[in-house]
2 protein chains.
Amino acid sequence: MELSPTAYVVLGMLSWRPMSGYDIKSVVDRSTRFFWAASYSQIYGELRALREAGLITADDGPQGARRRTAHRITEPGRRALRDWLAREPETFELRDEGLLKLFFASADPASAASTIAAKRDRHAEVAEQLESMAAAGTASGYAGIVLAYGIECNRWMADWCERTLTDLAELPASAGARQRETI
Amino acid sequence: MELSPTAYVVLGMLSWRPMSGYDIKSVVDRSTRFFWAASYSQIYGELRALREAGLITADDGPQGARRRTAHRITEPGRRALRDWLAREPETFELRDEGLLKLFFASADPASAASTIAAKRDRHAEVAEQLESMAAAGTASGYAGIVLAYGIECNRWMADWCERTLTDLAELPASAGARQRETI
DNA sequence: GAAGTCATGTAAACGGTTACATGATTTT
DNA sequence: AAAATCATGTAACCGTTTACATGACTTC
């Protein structure tokens, strides 16, 4: 019964408090999204799998009001979560189309600067978004530490772009960039 | 005829020189892998799609020796590559299981330090790997700039882990980490 | 002669996204 | 009355990985 990291996103949030699938999605979109996204289909799918594995229970709420299933973590669920936390993290994956375009920029050197600038703006925007979350003060404890990572990392990336942009402008028609690519 | 970024990995490499699918895979594994991975199945699939779209041609080499198809970019292929380079990068995706574990560490605070240490070691290892590539001097031009990004970024991440590890050790049984998580 | 590398592909499975479908409650 | 939000799911599709299959040439 191997669980995917996405299952642990769901299980981890239920370790805080009972939630509906909708709740989980909205919390994901304001937190783990930046380093581990999850869609409704995934969340509802994982909820079913976790229920079938006995790691969570589902109580359907009062049928008079809005239909709502409150999911609760079980003791075996907490154990599974702690076991996962104690194992070494495996997955680290990045898909950065901006770096890809910069990597191949020798096919159109004029595009390099705008690619870097777009990447810079994107990271700066994310950093601002995360900063306003930090200012709101909702993320505490470890979530707050990870939020700080997100802010600093995006700032670093935006800074790198800024630095590289000036470096590129200073060596005009760039010596390095004119070379043939050979790997 | 929308192409995926992975198709442009193939097209981009063929803009340097003619290559076999095997060649492309080995270059990917020593370069774009760190920000855009691709498997054999994907590469051979994209080669077929690009050939059918007329963006590359395939000449089967001498049949006496080892079977080998040399793929060459066509003029429409170069145009498609330049058009893609000129558009804003879209995809930026991260899947970091280490951050996920840190995020949920309140369910097992004892695991936090080893999670961070594992993440630090992983990034330091990648940085060293990339540094030895840089020392070998194969990556020039824009590929070299992206390589520098990889080195600096992984160094930054490893440093953040190191800093956070000492921060966590200094406030013993961490004030922040003991709080209930609320997002 | 065995192991390694060069070389090309297919099939099945998996993880994830997007679109679709539905309907109640709440806010404007 | 309309729009937004809460709420739960399914189906189709897409991108990617892993396993499998095959074979020739090269190096030890």
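Chain B can be laid on chain A by a turn of 180° and a shift of 0.0 Å along the axis, with an RMSD of 0.0 Å, the copies being superposed by least squares on the C-alpha atoms of residues with pLDDT of at least 70 in both. The two copies are therefore related as by a two-fold rotation axis. The same surface serves both copies, in that 100% of the contact residues of chain B recur in chain A, where contact means heavy atoms within 4.5 Å.

This is a predicted model, in which local features need pLDDT of at least 70 and side-chain atom pairs count only at pLDDT 80 or more, while totals for chains, interfaces and linings use all residues. Residues are numbered from 1 along each chain as its sequence is written, chains are lettered from A and ligands numbered from 1 in the order in which they are written, and side-chain values use heavy atoms, with hydrogens and water left out.

**Surface near DNA strand D**

- DNA strand D is surrounded by 20 residues, the closest being A:Y22, A:R66, B:S41, B:Q42 and B:R66; a residue is near a molecule or strand if one of its heavy atoms lies within 4 Å of it.
- By class, the residues of this surface near DNA strand D comprise five nonpolar, nine polar and six charged, where Ala, Val, Leu, Ile, Met, Phe, Trp, Tyr, Cys and Pro count as nonpolar, Asp, Glu, Lys and Arg as charged, and the others, Gly among them, as polar.
- Sugar or phosphate accounts for 68% of the atoms of DNA strand D within 4 Å of the protein, and the rest belong to bases.
- Phosphate oxygens of DNA strand D lie 3.2 Å from a polar backbone atom of A:G21, 3.0 Å from a polar side-chain atom of A:R68 and 2.9 Å from a polar backbone atom of A:T69; a polar contact is a pair of N or O atoms within 3.5 Å.

**Surface near DNA strand C**

- Around DNA strand C there are 19 residues, of which A:S41, A:Q42, A:R66, B:Y22 and B:Y44 come nearest.
- The surface near DNA strand C divides into four nonpolar, nine polar and six charged residues.
- Of the atoms of DNA strand C within 4 Å of the protein, 68% are part of sugar or phosphate, with the rest in bases.
- Phosphate oxygens of DNA strand C are found 3.1 Å from a side-chain N or O atom of A:T6, 2.8 Å from a side-chain N or O atom of B:Y22 and 2.9 Å from a backbone N or O atom of B:T69.
- Two or more residues of the surface near DNA strand C come from each of α3 of chain A and α2 (21–29) and α3 of chain B.

**Domains of chain A**

- The domain assignment of chain A, whose bounds come from an automatic or database assignment, gives domain 1 (5–86) and domain 2 (97–182).
- The C-alpha centres of domain 1 and domain 2 of chain A lie 33 Å apart, and four residues of domain 1 are in contact with five residues of domain 2.

**Individual residues of chain B**

- B:L94 comes closest to the rotation axis among the residues of chain B, at 2.4 Å (C-alpha).
- B:S132, in helix α6 (residues 112–136) of chain B, lies 85 residues from B:L47 in sequence and 31 Å from B:L47 in space, C-alpha to C-alpha.

Terms used. Polar contact = N/O pair within 3.5 Å; in protein donor to acceptor, adjacent residues only side chain to side chain. Helix = DSSP H or I, 4+ residues; strand = E, 2+ residues; numbered from the N terminus.
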